[in-house]
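Please open the model in your viewer and keep the selection tool at hand. The stops below say what to pick next and what is found there.

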Amino acid sequence: MIGRFSLAPGVLLRLTAAFLITAMAAVIHAVADVVPLGQIIFWRSAVAIVPICVYAALRGGFPRALATRHPLLHLTRGGFGVLSMALSFLSLTYLPVANAMALSYLAPVLTLPLAAVLLGERLSPRILMAVGLGFAGVLAMLGAALEMPGEDALIGVAAGLGFALTTAFVRVHIKTMTATETASAIAFYFALTGAVIGLATMPFGWVALASPDLVGLVAAGLLGGLAHIAATEATARAPVSALAPFDFTGLVWALGFDLLLFQVVSGGWGLIGVLAISAAALTVTLAPRASQG
């Protein structure tokens, strides 16, 4: 029987992905007031192709690793992935990073029943308890977001909820794809799909980019590409249900980015959320591995 420590590579990759995704979110939040959504999607996706191809080359499989016999799977994943990305960026446009990320962390909770039904994963009581504790922490963070007045905040909250729902589907879809597709191929075709869809929005009003905005968009693409590779590799190495609680650690980074970059200080509910989320990660680390049917 494989012990609990066999989860370590997948957990480390998921923690890395959580940091990279949160750093990308902070960059997107910084440029979203100036750059249109479609233009952001293009740059985030097009630039991400570079680290993905470098990754494939370092593994000795480029361009062989990009070959696929299941283009329709990539098309489905790309379409839902770009929709999920657009909703995430829209939420970041109208909400602070921590609030937008808090909404996004509903995704692991929605992922669990999908993983059980579609992948046959059995959820141990301790993992369920850990995710429930993390979800309680997210609810504490949501209090601040839902108290924000005005139509813009409501748009941000609605987009964040939509992002959580689409992300839950995408994660389970990726898990099924890893049986036949390489991480490089999954990441590459998603980035390519996003670049094409983003480019199609050019006639609807792109803007000339100032140097700081251009640097930010390039950084977002690099961070997003690296995060996608790390998340896909993590999903290939461990059950979706075991990795889900570790996504909550990104919220700690989000609070730090809000404080250091945007001078937004979380109140008491935010601190309670961080404590609950940290406890969830510790609980699942000590829990036995969930098994698959």
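This is a predicted model: local features need pLDDT of at least 70, side-chain atom pairs count only at pLDDT 80 or more; totals for chains, interfaces and linings use all residues.

Begin by selecting Ala-8, which lies in helix α1, a helix covering residues 8–31; helices here are DSSP runs of H or I with at least four residues, strands are runs of E with at least two, and both are numbered from the N terminus. Ala-8 counts as partly exposed because its relative accessibility is 45%, where buried means under 20% relative accessible area, exposed over 50%, and partly exposed in between, with a 1.4 Å probe and protein chains only.

Residues are numbered from 1 along each chain as its sequence is written, and side-chain values use heavy atoms, with hydrogens and water left out.

Zoom out to the whole protein chain, where there are 12 helices and 0 strands. Of its 293 residues, 52% count as buried. If you look at contacts (heavy atoms within 4.5 Å) between residues at least 6 apart in sequence, 92% of them join residues at least 24 apart.

Next, select Ile-28, Ile-40, Phe-89, Met-101 and Leu-251, the residues with the most contacts inside the largest nonpolar core, which has 44 residues; such a core is a set of buried Ala, Val, Leu, Ile, Met, Phe, Trp, Tyr and Cys residues joined through side-chain atoms within 4.5 Å. Helix α1 gives the most to this core, with 8 residues. Apart from this core lies another, of 11 residues, including Ile-49, Leu-66, Ala-187 and Ala-191.

Move on to His-74 in helix α3, which spans residues 71–94. Is His-74 buried or exposed? His-74 counts as buried because its relative accessibility is 5%. Leaving aside neighbours within four places in sequence, the residues in contact with His-74 are Thr-68, Met-177, Glu-181, Ala-185, Ile-186 and Tyr-189.

Finally, select Leu-58, which has its place in helix α2 and is exposed, with a relative accessible area of 72%.
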